[in-house]
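Work through each task yourself before reading the solution below it.

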Amino acid sequence: MSGKNWTPGDIFKLFSSTWAGCALQAAVRLDFFTALDEAGAVDEALLIADLAGRLECDERALDMLVTALAALEFVERDGRAVRLTGAAQKYLSAKSDDYYGYIIKHTADILPAWTRLDQALKSGRRVAGESAADSRNEVEREAFLMGMFNVARQQADQTAAALELGGRKKLLDLGGGPGTYAVFFCRRYPELTATVFDQPETEKFAAKIFARYELAHRLNFVGGDFHSDELPKNYDVVWISQVLHGESPGEAAELIKKAAQSLNEGGLLCIQEFILDDDRRGPAHAALFSLNMLLQTPGGQAYAQAELMEMMTRGGLKNPRRLPPVPLAPDCGVIIGDKL
């Protein structure tokens, strides 16, 4: 018999690790780190009582959170006072250009569905309400879309380099959300222009990212529904990142076929996903993410490499192949195919 030699201690550590995540999610939702930053509690500690007043929290309860965050090394505690660590100020204060809090807020938004995973496994249907991508709650929608920016920003430049898009002129970022990859592709390849195609409500978030990187002159946004609307045509590259996992197998195959029709002859279709091994024994993140899609979507799931390559072939693409993973995104895989 193979597999990890689990002990009760290992199992306890695994299931109780969710508590640490929940503590961090609560702190970010409360703007705990931002409040400390605004109070100057980096060089000089702030009294927990004063922080409780700023956050309108119960002092005793907040004291418990401070202890937990100190144990996790996000803050430093000095008796009845607390100060930020440098890393927390950089990534968890909304004042920072490197703020990573949106993806943390998004994971907090979807957490309730995970507590009902057993129900989803019995019914085979999602237990969440509307998906974050379609949410009419502006705060949740912002957390989702800017959370995608948080994640993509960490790896987009290395991914752009790995794709080797030199000589390509036009790129379509299909379901591109705020357009993070389109921005980083254009930054690396000066001759490239890009179109982001996503729901119309997403445009204002994309416009902020375009302006932030001063690339609005080389990027544009087209609003629509990629299921029902015609896609723009005549592109040298179509990029589909973390979209197919939200679709059923039939919908994913149809979208790949439709995307291929947007390519010029000699064009390149690129799919980035959390890809399962063909033997379906892992990797762990892709397998767990597939369960997240069970909870959040009508028919979404993670796909194996062979499944995605077969969809590309049936969609009219040739020579499907997988790129080596980039160092910052070992859980992601990129598969490319040619339109010949």
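On a 1 Å grid over the protein atoms alone, a cavity is a set of points where a 1.4 Å probe fits but cannot get out, and a residue lines it if it has an atom within 4 Å of a point. This is a predicted model, where local features need pLDDT of at least 70 and side-chain atom pairs count only at pLDDT 80 or more, while totals for chains, interfaces and linings use all residues. Residues are numbered from 1 along each chain as its sequence is written, and side-chain values use heavy atoms, with hydrogens and water left out.

**Exercise 1. Find the residues that line the largest cavity, and sort them by class.**

Step 1: The structure holds one cavity of 30 Å³ or more. About 90 Å³ of space lies in the largest cavity; a volume here is the space filled by probe spheres set on the grid points, which are joined across faces, edges and corners.

Step 2: The lining is made up of Gln155, Thr159, Ala162, Gln272, Leu323, Pro324, Pro325, Val326, Ala329, Cys332, Gly333 and Val334. Helix H9 (156-163) and strand S10 (333-338) each supply at least two of the lining residues. Helices (H or I, at least four residues) and strands (E, at least two) are DSSP runs, numbered from the N terminus.

Step 3: Count Ala, Val, Leu, Ile, Met, Phe, Trp, Tyr, Cys and Pro as nonpolar, Asp, Glu, Lys and Arg as charged, and the others, Gly among them, as polar. The cavity lining then divides into eight nonpolar, four polar and no charged residues.

**Exercise 2. Describe the largest nonpolar core.**

Step 1: Such a core is a set of buried Ala, Val, Leu, Ile, Met, Phe, Trp, Tyr and Cys residues joined through side-chain atoms within 4.5 Å. Buried means under 20% relative accessible area, exposed over 50%, and partly exposed in between (1.4 Å probe, protein chains only).

Step 2: The largest core has 35 residues, and those with the most contacts inside it are Leu163, Leu165, Leu171, Val183, Phe185, Leu219 and Trp239. Helix H10 (residues 180-188) gives the largest share of this core, six residues.

Step 3: Look at Val183, leaving aside its neighbours within four places in sequence: Val183 is in contact (heavy atoms within 4.5 Å) with Ile209, Phe210, Tyr213, Leu215 and Leu219. Another core, of 27 residues, lies apart from the largest one and includes Leu172, Ile271, Leu308 and Leu317.

**Exercise 3. Is Ile104 buried or exposed?**

Step 1: Find Ile104 in helix H6. Ile104 counts as buried because its relative accessibility is 11%.

Step 2: Leaving aside neighbours within four places in sequence, Ile104 is in contact with Leu24, Gln25, Val28 and Leu92.

Technical notes. On a 1 Å grid over the protein atoms alone, a cavity is a set of points where a 1.4 Å probe fits but cannot get out, and a pocket is an open set with protein on both sides within 12 Å along at least five of seven lines; lining residues have an atom within 4 Å of a point.
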